[in-house]
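User: I am new to this structure and would like to learn how to read its features. Please start with a pair of helices.

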Amino acid sequence: WMFAPAIAAGNAFILKPSERAPSVPMMLAELMEEAGLPKGILQVVNGDKESVDAILDHPVIQAVGFVGSTPIAQYIYGRGAANGKRVQAFGGAKNHMIVMPDADLDLAADALVGAGYGAAGERCMAISVAVPVGEETADRLIEKLVPRIEKLKVGPYTAGKDVDYGPVITAAAKKNILALVESGVAQGADLVIDGRNFNLQGYEDGFFVGPHLFDRVTPDMDIYRKEIFGPVLSTVRAASYEEALGLAMSHEYGNGTAIFTRDGDAARDFAARVNVGMIGINVPIPVPLAYHTFGGWKKSAFGDLNQHGPDSFRFYTRTKTVTSRWPSGIKEGSAFNFRPME
């Protein structure tokens, strides 16, 4: 999504897609040329770390944008900045959704299922942590989540429009997700919905992962601390609003967060105090429209400018200040000071 504002700002753009999913970027480049974009303005370069380092080190390239994991984002930011480039590098996420006692729990449960399991949980704005406030709220929320999650249809997207989500990206990703699920069980979380034995007939060797729902997760557990990037929703019970707010604020990631409530005062307080880049109020995936900026805080982003909106044009342009004076306007001799405006 970066190449549109970059090209609109007058730049040529090199798009280096993930080697795991290069098809869509290639198609986008073909469509851009078909629409009339001159050849060479948008180029797609496939490859691995060698290609990345070539981009980071090339003296002609002035700016680099990235979206991926936090360790790679930090590496790209460090190497690019060391080479004098402007860099915006977006990393991982652990997005919390606070559910207040006064929230519409049917709305909240629907939102959690869509935000937590859509795209198999493989998106940076997925909600991976539900934080109900109060034991009664938590019990009622879990009660509403279970039947919704159990109804999810997992399969290839070619199987029909009723498929809720498909496979994860690689065998390694599937292995990592299931290993983190095992760690959650071992560390004492309640696995309310267990998708470990999910098997799709005809796709036994596919990278499909069944949906998982954890309850009574605590902040010291790996499933809470680490980005799982899969169809796993963790429920952390908070005794109060302040505790719930503290969970979102103290996590190392700060990409997105949400609060579900009918209380405008709670919503305003949450939006004002939470140290997270994108905030939803009764909106589970707070991705702003493109004329606003998109970006997180803390270890979710490296660099001082976001993507989309005004920040994208600040990033892809440079400020030039011109001070001029015309000889015909000089009616006196030399001036040795700045005159105040009259």
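Analyst: Helices H9 and H10 are roughly parallel to each other, where angles under 35 degrees count as roughly parallel, over 145 as roughly antiparallel, 65 to 115 as roughly perpendicular and the rest as oblique. This is a predicted model, in which local features need pLDDT of at least 70, side-chain atom pairs count only at pLDDT 80 or more, and totals for chains, interfaces and linings use all residues. Residues are numbered from 1 along each chain as its sequence is written, and side-chain values use heavy atoms, with hydrogens and water left out.

User: How is a pair of packed helices described, and at what angle do the axes of H9 and H10 cross?

Analyst: Two packed helices are described by the angle between their axes and the distance between the axes. Here the axes of H9 (residues 241-250) and H10 (residues 264-273) cross at roughly 30 degrees and come within 11 Å. Axes are lines fitted to C-alpha atoms, for helices over the stretch in contact, and angles run from 0 to 180 degrees between N-to-C directions. Helices (H or I, at least four residues) and strands (E, at least two) are DSSP runs, numbered from the N terminus.

User: Which residues make the contact between H9 and H10?

Analyst: Contact means heavy atoms within 4.5 Å. H9 contributes Tyr-241, Glu-242, Leu-245 and Met-249, and H10 contributes Ala-266, Asp-269, Phe-270 and Arg-273. By class, this contact has 5 nonpolar, no polar and 3 charged residues; Ala, Val, Leu, Ile, Met, Phe, Trp, Tyr, Cys and Pro count as nonpolar, Asp, Glu, Lys and Arg as charged, and the others, Gly among them, as polar.

User: Is His-96 buried or exposed?

Analyst: Buried means under 20% relative accessible area, exposed over 50%, and partly exposed in between (1.4 Å probe, protein chains only). His-96, found in strand S5 (residues 95-99), has a relative accessible area of 2% and is therefore buried. Its side chain reaches the backbone oxygen of Lys-94 at 2.8 Å. Leaving aside neighbours within four places in sequence, the residues in contact with His-96 include Ile-127, Tyr-224, Leu-247 and His-251.

User: What about Ala-186: buried or exposed?

Analyst: Ala-186, in helix H7 (residues 171-186), counts as exposed because its relative accessibility is 69%.

User: Which residues of helix H3 are buried, and what do they pack against?

Analyst: In H3 (residues 49-57), the buried residues are Ser-51, Asp-53, Ile-55 and Leu-56. They pack against strand S1 (13-15), strand S3 (63-67) and helix H4 (70-82).

User: How many helices and strands does the protein have?

Analyst: The secondary structure comes to 11 helices and 14 strands. Of the 342 residues in the protein, 44% are buried.

Note on methods: Polar contact = N/O pair within 3.5 Å; in protein donor to acceptor, adjacent residues only side chain to side chain.
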